[in-house]
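Me: I would like to learn how to read a protein model feature by feature. Can we go through one together?

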Amino acid sequence: MSAAAASLELGLIGNCAISALIDREARIVWCCLPRFDGDPTFHALIDTPDAWPADGSWCIEIENFERSEQAYDEGTAILRTRLYSADGDAIEITDFAPRFLSRDRTFRPAMLVRRVHPLQGHPRVRISLRPRADWGRIAPEVARGSHHLRYAGPTGTLRLTTDAPITYVQDETWFSLAAPLNLLLGPDETLERGAAEVARDFEELTSLYWRTWTRRLALPLEWQAAVIRAAITLKMCLFDETGAIVAAMTTSLPEAPGSGRNWDYRYCWLRDAFFVVRALNSLSELETMEDYLRWLHNVVRDARGGFIQPLYGLGLEKDLPEEELPHLRGYRGMGPVRRGNQAHTHAQHDVYGNVLLGASQSFHDLRLFRRADADDFARLEAVGEQAWLVHDQPDAGMWELRTRARVHTSSALMCWAACDRLAKIATRLGLPERDAHWRGRAAAIRERVLSEAWSEKRQAFAESLGGEDLDASVLLMAEVGFIDPMDPRFVATVDALETHLCDGPYMRRYEAADDFGKPETAFNICAFWRIDALVRIGRREQARQIFEAMLASRNALGLLSEDTDPRTGELWGNFPQTYSMVGIINAAMRLSVTWDTVI
């Protein structure tokens with residue numbers, strides 16, 4: 001393997017059941033099976049003190065490697081990597097996870113497919129497949145079959161079915177690639193047909209699925225390629241089986257070099273999931289919302305009108321204990337590596353607004369197969385009661401502060417949103433008494449927030465009621481309809497945030513030090529909130545310039561992580577971050593010129 005340092009120049013493949021991250025040299029360096037928040041089968045991404053290790057990765061190498069090219073097939077989640085040698089040889093590796101319709105249902109096996117083609121010259125290749133279990137601690141036992149290798153671990157067995165020479169794969173031997181090869185890694189099940197035929201058919205059907213899905217999107221005129229890539233990425237973050245949406249595919253990628261801000265994001269945050277659903281809805285993609293509403297319905301019913309966690313496991317797991325794994329050295333050696341997330345124990349009061357914002361469309365949208373009814377409204381009213389009870393109580397806030405509790409403006413804002421949306425639903429259902437009840441509560445919260453969140457000293461809405469520190473989350477005031485964006489107080493807030501939180505196009509979350517000191521990197525979604533606010537207050541050209549800069553910050557495949565270093569432009573934090581990909585869609589939809597200008 002080459003000695004290049006780890007980076008987030010990675011591509012994502014997936015099928016809404018599993019996913020994998022692939023680097024510029026076609027190495028699979030991250031993949032959790034059998035689901036996104038499971039034990040990583042390939043964990044090399046979080047064990048890279050100097051360069052990519054061989055263990056916990058799946059490599060297909062060309063001898064005397066010199067350079068590579070990489071791109072997605074347009075409108076799909078199929079990734080192609082071309083490797084070139086110093087001798088003039090070249091190969092192409094096609095990677096995907098099968099997803100297509102079969103027998104009136106979606107076929108999405110826990111399988112990775114890799115197809116290798118010689119392109120020019122007489123390339124020699126080496127295949128190194130080194131899955132691991134128990135977070136890299138256990139190497140599986142390998143057994144050979146006639147056309148497959150079995151990797152037996154403590155919790156299950158994987159099977160590699162291939163038409164490559166089994167001996168060469170098992171021994172990691174260099175050999176000449178004279179004809180195409182196919183490798184399918186998945187459940188320990190026999191394929192009904194040969195590896196080449198299955199891989200070819202799966203690729204054609206998977207390509208057709210994604211291209212059909214993409215062509216149904218209601219795209220803006222401008223930035224279509226960026227929006228399509230963001231939409232496909234968000235779709236891959238849906239766990240089809242339950243409807244949960246992960247915040248990111250990874251754990252423990254630091255928000256800044258050596259910061260210790262290393263968290264496990266492979267769970268469903270109600271906050272992040274709402275924004276994903278909203279972004280895809282803007283493109284007229286309803287399936288993800290319908291799937292998520294199934295999951296959210298279970299969360300609400302299980303809460304029985306009480307406390308709702310800010311995040312859950314993909315199967316509605318409540319207990320997600322956080323622990324450090326010291327045997328793993330971390331991304332670029334920057335530990336700690338963590339699994340689980342302490343935030344599942346937090347009180348984050350904005351969650352109640354995110355539940356209502358996520359569910360409210362189901363009462364108004366006639367396209368849905370299952371529209372919400374009066375029984376759903378009654379259960380959501382219990383969520384609203386919780387929002388009312390806690391709207392003026394201290395919490396950890398949306399930034400999940402671990403050692404400081406305040407009455408955060410963003411939390412009170414979302415509690416207002418919960419009451420406001422309940423009033424709108426009551427109007428829809430023809431319930432004037434409930435409409436008046438919730439409008440009254442929304443008005444009371446709004447009056448208090450406008451009065452107590454405003455800081456005369458800072459001439460801006462502050463991050464907490466009665467506080468003075470600035471926080472980018474107050475920009476959501478306009479996005480959720482809490483305030484007229486042309487209100488002088490909101491315009492002044494935008495100006496203050498630009499002065500104190502922005503580094504060129506980039507924007508930090510907040511200015512006050514937290515458990516780890518002051519934030520060093522910019523939080524990508526904040527830049528997109530800024531873009532939205534600028535458009536709303538009439539500064540469209542400035543917003544367009546910032547958007548172009550954020551698009552330039554993406555990696556070569558059009559993906560964004562959680563954070564960007566404003567000095568170097570390097571991506572940091574968990575990857576790909578749904579929040580950040582949401583921002584691309586929202587900004588493009590808000591900024592694009594309309595179709596009627598060209599047709």
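Reply: We will take pockets, strands, a helix and aromatic pairs in turn. Keep in mind that this is a predicted model.

Me: Which element gives the most to the lining of the largest pocket?
Reply: Helix 2, with 4 residues. Strand 9 (100–102), strand 10 (105–107), strand 15 (157–162), strand 17 (181–187) and helix 2 (195–215) each supply at least two.

Me: How does the lining of the second largest pocket divide?
Reply: Into 9 nonpolar, 2 polar and 10 charged residues. The second largest pocket has a volume of about 550 Å³. Its lining counts 21 residues, with R99, L101, T106, Y209 and E287 nearest the centre. Helix 2 again has the largest share here, 5 residues. Strand 9, helix 2 and helix 5 (287–303) each supply at least two residues of this lining.

Me: Now strands. What should I look for in the side chains?
Reply: In a regular strand the side chains alternate between the two faces of the sheet.

Me: Which strands pair with strand 2, and how many bridges join them?
Reply: Strand 1 (residues 10–14) is joined to strand 2 by 5 bridges, and the two run antiparallel. G14 has S19 as its bridge partner in strand 2. Strand 3 (residues 28–32) is joined to strand 2 by 2 bridges, also antiparallel. There, I22 has I28 as its bridge partner.

Me: What do the turns on either side of strand 2 look like?
Reply: Look at phi. Strand 1 and strand 2 form a hairpin with 4 residues between them, and C16 in the turn has a positive phi of about 70°. Strand 2 and strand 3 form a hairpin with 4 residues between them too, where A26 in the turn has a positive phi of about 70°.

Me: What is the strand order in the open sheet of 3 strands, and which are the edge strands?
Reply: The order is 28-29-30, with antiparallel pairing. The edge strands are strand 28 (522–523) and strand 30 (571–572), since each pairs on one side only. Strand 29 (residues 563–564) is joined to strand 30 by 2 bridges. D563 stands opposite W572 in strand 30.

Me: Next, a helix. How do I check the length of helix 13?
Reply: An α-helix has 3.6 residues a turn, so residues three or four places apart point the same way. At 1.5 Å a residue, the 13 residues of helix 13 (residues 524–536) should span 18 Å. The end C-alpha atoms of helix 13 are 19 Å apart, which agrees.

Me: How many residues of helix 13 are buried?
Reply: 12 of its 13 residues, so helix 13 is mostly covered, where buried means under 20% relative accessible area. Among them are N524, F528, W529, R530 and D532. After the helix comes G538, with a positive phi near 90°.

Me: Last, aromatic pairs. How many does the structure hold?
Reply: It holds 23 aromatic pairs. In one of them, F100 and F202 are tilted, 5.4 Å centre to centre with 55° between the planes. This pair links distant parts of the chain: F100 in strand 9 and F202 in helix 2, 102 residues apart. Both F100 and F202 are buried.

Me: What is the geometry of the pair W399 and W529?
Reply: W399 and W529 are tilted as well, 6.0 Å centre to centre with 40° between the planes. W399 sits in the loop between helix 8 (374–390) and helix 9 (409–429), and W529 in helix 13, 130 residues apart.

Me: Are W399 and W529 buried or exposed?
Reply: Buried. W399 has a relative accessible area of 12%, and W529 has 3% relative accessibility. W399 and W529 also belong to one aromatic cluster with F274, F275, Y510, F523 and Y579.

Methods:
Residues are numbered from 1 along each chain as its sequence is written. This is a predicted model: local features need pLDDT of at least 70, side-chain atom pairs count only at pLDDT 80 or more; totals for chains, interfaces and linings use all residues. Side-chain values use heavy atoms; hydrogens and water are left out. On a 1 Å grid over the protein atoms alone, a cavity is a set of points where a 1.4 Å probe fits but cannot get out, and a pocket is an open set with protein on both sides within 12 Å along at least five of seven lines; lining residues have an atom within 4 Å of a point. Grid points are joined across faces, edges and corners, and a volume is the space filled by probe spheres set on the points. Ala, Val, Leu, Ile, Met, Phe, Trp, Tyr, Cys and Pro count as nonpolar, Asp, Glu, Lys and Arg as charged, and the others, Gly among them, as polar. Two strands pair if DSSP finds at least two bridges between them. The expected span of a helix is 1.5 Å times one less than its number of residues. Buried means under 20% relative accessible area, exposed over 50%, partly exposed in between (1.4 Å probe, protein chains only). Rings of Phe, Tyr and Trp (its six-membered ring) pair if their centres lie within 6.5 Å; planes under 30 degrees apart count as stacked, over 60 as edge-to-face and the rest as tilted.
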